[in-house]
Amino acid sequence: MIGRSRCDFTFAKLESFLLTHGQAVWWLANNWDWLGRKVNRLLIDRAVKKTRNRPHPLSTLADYTSWESLTDRSYFGRHLPPKDWPHLPDAQQVAELFRRPAAGGKLSEKSTTLFPSFAQWFTDGFLITDFKDRRRTQTNHEIDLCPLYGLKKPVTDCLRTMSDQPGERGRLKSQIIDGEEFPPFLYDETGTKKSEFAILPEPMLMDPDWPASKKATLFATGGDRVNTTPQTAMFNVLFLREHNRLAAALEKAHPNWDDERIFQTARNTVIVLLIKLVVEEYINHISPYHFRFRADPSAVWKATWNRTNWITVEFNLLYRWHSLVPDAVDWADGTVPMQHWLRDNSPLMRAGLEAAFAATSRQPAGAIGLRNTPSFLVFTEALSIQQGRQTRLASYNDYRAAMNFPRVTRWDEITGDAALATDLARLYPSVDDLEFYVGLFAEDSRPNAAVPALIGRMVAIDAFSQALTNPLLSHHVFHRETFDLIGWEAIHETKNFADVVRRNVPKPTAGIRISMNRKST
């Protein structure tokens, strides 16, 4: 087994070298459809097979396998068995390793703030920890756009017009403000929740004394975290507009279709559009490779790992990318300190959707890693460390081995920052004692990658195996009849977020740049 592991790692290094060099060869694969599909299928399969596939034998329910641990998805899955660590350092002291210096943090060389803004909005749709019991989750484990549509049918119905009147069929409720479409408000001008939206979730962690003037700007949505910032809310606005645009086109093309059929067909299309953008813009941004992955469902139809989705606790924790958050937001109408940016959608409505996406695409994100989390978010790092301990996660080195990386034996194999290596050694007796969560962010970044190596590999494993296995992408469902010609064409013609923004703003601005990349690619 040891010899095989070393052989696998050597081959993986060769694979990585080839994918990050020889750009002209990869240009051919990216532009020759037949070859691109073959390479896409091979690389996605290899990415997911870097570790054991689902179903996992354990969940956060118990330390042993049981029928409930294999079927009760109210608990997180887990890649590795629980492990006890008797002498861990104080969580608050460890959290200080994440704090950004007062003089300012390090900027990402690759990412704009569109990247973390989307990551937060997207993952808030399925990484839903139950705060009463952090071993448990409220997610249904699917990529289903629940921030827009809600997790349960009564919530979905509350957000719909539910009308067969011409011009209203299949639509989500909305309002027009200064010529642009937005979701309706959740609260009235006094800060009182509107009775028609009583069933909708309250915004997560909102102070009971939050100013009524700010509460009155928050949108009625399917998720409790959509209104966290204007930059998360703007994604819900975008997909609401896309849904209603598709519904209008479907109603025009099929005047005999009722509200329900139009709604469901538009919803099918928007969910698949999101998955396509996840793979072809978001995952390709994370990857350091010259080859660009495709959201080609046929790549997984015969895959041995095509199994029911189940979010793991490790996947939940590795997505705490607080270091990407800037200290202040450079917006269309000025700079705003990040602490003053929460739960107030008035900046989004003042700017308009296109200007909001453009501003988010201009500002560099922070660099992911230790010593770069804004001070006001350091407490969340302590909570994440504690969650890892409560669920008794194995060590960073254990997860490296599980993901087909070699174990490290020295601190300088994790980071080239000598001062950081010294601080890690001060807190942990050896590299084998380093916690999973801390180790993830201690790693140095790779050239042209948005995240360090272990995070990147684990994101690829779970993203491909949980996005491309969506029921709407299955062999017997992914065809024109499921989406109608209107949805089918929208799916195949959409390449990036810029495409979706352009067709959902009143007067698109020529040449405006909307991208997760700081530099054109």
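1. Let's start with helix α20, residues 480-493. A straight helix of 14 residues would span 20 Å at 1.5 Å a residue, yet α20 spans only 14 Å between its end C-alpha atoms. (The expected span is 1.5 Å times one less than the number of residues; helices are DSSP runs of H or I with at least four residues, strands are runs of E with at least two, and both are numbered from the N terminus.) Where does α20 bend? The bend is at I486, by about 80 degrees, taken as the angle between axes fitted to the seven residues ending there and the seven starting there.

2. A word on what you are looking at: this is a predicted model, in which local features need pLDDT of at least 70 and side-chain atom pairs count only at pLDDT 80 or more, while totals for chains, interfaces and linings use all residues. Residues are numbered from 1 along each chain as its sequence is written, and side-chain values use heavy atoms, leaving out hydrogens and water.

3. Back to α20, where T482, F483, D484, G487, A490 and I491 are buried. (Buried means under 20% relative accessible area, exposed over 50%, and partly exposed in between, with a 1.4 Å probe and protein chains only.) The cover over these buried residues includes α10 (230-253) and α11 (259-286).

4. Leaving aside residues up to four places away in sequence, L114 touches M234, F235, F357, T360, S361, I514, S515 and M516; contact here means heavy atoms within 4.5 Å.

5. Now try the surface. W27, L28, W32 and W34 make a nonpolar patch of about 500 Å². (Patch residues have over 30% relative accessible area and no salt bridge; like charges are joined within 9 Å, and nonpolar side chains, namely Val, Leu, Ile, Met, Phe, Trp and Tyr, within 5 Å.

6. The backbone has some details to look up. The peptide bond from R54 to P55 is cis, with omega near 5 degrees, and P55 is in the loop between α3 and α4. L205 is not a glycine, but has a positive phi of about 60 degrees; L205 is exposed, at 67% relative accessibility. R343, also not a glycine, has a positive phi of about 50 degrees, but R343 is buried, at 12%.

7. How many salt bridges does the structure hold? There are 34, each a side-chain nitrogen of Lys or Arg within 4 Å of a carboxyl oxygen of Asp or Glu. R37 and D296 form one of them, at 2.8 Å from N to O. This pair links distant parts of the chain, 259 residues apart: R37 is in helix α3 and D296 in the loop between α11 and α12. R37 is partly exposed, at 35%, whereas D296 is buried, at 8%.

8. Compare that with E242 and R245, whose closest N and O atoms are 3.0 Å apart in their salt bridge. Why are they separated by about one helical turn? Because they are three residues apart in helix α10. E242 is buried, at 0%, and R245 is partly exposed, at 29%.

Note on methods. Expected span 1.5 Å × (residues − 1). Areas by Shrake-Rupley, 256 points an atom, 1.4 Å probe, with all protein chains shown as cover.
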